[in-house]
Amino acid sequence: MIAENIAALKKTIARTAREYGQAGNVCLVAVSKQQENVKIDEALEAGQRVFGENRVQEAKERWAERRARHPDLELHLIGPLQTNKVRDAVALFNVIETIDSEKLADALKSECEKQKKTITCFIQVNTGAEEQKAGVSIEELPALIEHCRAIDLGIEGLMAIPPVDEPASLHFALLKKLAADHGLKKLSMGMSGDFEKAIALGATHVRLGTAVFGERITQR
Ligand SMILES: *Cc1c(COP(=O)(O)O)cnc(C)c1O
């Protein structure tokens with residue numbers, strides 16, 4: 001069933017990208033947080049290699065051993081990162097999508113040097129200026145990008161989670177403009193409910209959880 005979901009989603013993703021004239025591949029990040037391990041293994045068997053997790057500890061438990069079996073995995077951290085978890089995060093993840101402060105950027109840079117690892121980084125932008133949401137404010141984004149460039153922490157793109165009560169497309173368009181303003185090429189935006197809109201507006205990465213795996217287990 002998971003294999004079928006992935007195949008169908010990849011078709012939809014490719015068709016939507018074509019329809020809207022988006023060049024290049026749109027990457028399907030399968031969000032495996034709070035999903036049963038049997039489903040993760042089904043996805044792996046189906047050839048899926050890019051996964052997203054929002055908690056470092058949960059990801060470590062799930063992926064440490066699977067990572068050894070699949071050296072070609074690409075793990076994305078899509079949840080907030082505390083500086084005390086940076087060491088584990090650098091050890092486990094290939095892509096960190098949620099940089100939102102200079103302090104975190106500095107910690108990541110020095111940990112990458114310590115572990116001699118290169119990590120792909122995105123900055124998370126709080127496009128809806130929501131108090132409870134992670135991400136740098138639009139106002140503070142230019143300074144954060146500048147800081148990351150100054151310390152030579154390569155930032156490849158921007159990531160956002162639109163407010164639930166506003167049209168997602170507005171936020172996707174805004175994120176695209178912010179990325180273009182700063183010469184950033186990658187855009188992680190769009191989830192199960194709105195990924196086609198996100199692709200229409202230039203997403204390079206869509207983060208799909210329930211569309212791939214079904215409902216999450218809410219209690220852990
Ligand atoms: C959980 C999560 C997703 C996946 O959400 P679905 O609606 O299940 O596709 C995407 N992005 C982030 C940041 C998430 O935390």
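Some ground rules. Residues are numbered from 1 along each chain as its sequence is written, and side-chain values use heavy atoms, without hydrogens or water. Because the model is predicted, local features need pLDDT of at least 70 and side-chain atom pairs pLDDT 80 or more, while totals for chains, interfaces and linings use all residues.

Start with the largest pocket. A pocket is an open set of points on a 1 Å grid over the protein atoms alone, where a 1.4 Å probe fits, with protein on both sides within 12 Å along at least five of seven lines. Its volume, the space filled by probe spheres set on the points, is about 510 Å³. It has 24 lining residues, meaning residues with an atom within 4 Å of a point. Closest to the centre are Lys-33, Ile-161, Met-191, Arg-207 and Arg-216.

Now the polar contacts, pairs of N or O atoms within 3.5 Å. The side chain of Ser-192 has an N or O atom 2.5 Å from a ligand oxygen. For Arg-207, a side-chain N or O atom is 2.8 Å from a ligand nitrogen. Gly-209 uses a backbone N or O atom, 2.8 Å from a ligand oxygen. Taken alone, the ligand exposes 390 Å² (Shrake-Rupley method, 1.4 Å probe). The protein buries 89% of that.

Last, the second largest pocket. Its volume is about 190 Å³. Its lining includes Asn-54, Arg-55, Pro-80 and Lys-85.

Notes:
A polar contact is a pair of N or O atoms within 3.5 Å; within protein, one must be able to donate a hydrogen and the other to accept it, and residues adjacent in sequence count only if both atoms are side-chain atoms.
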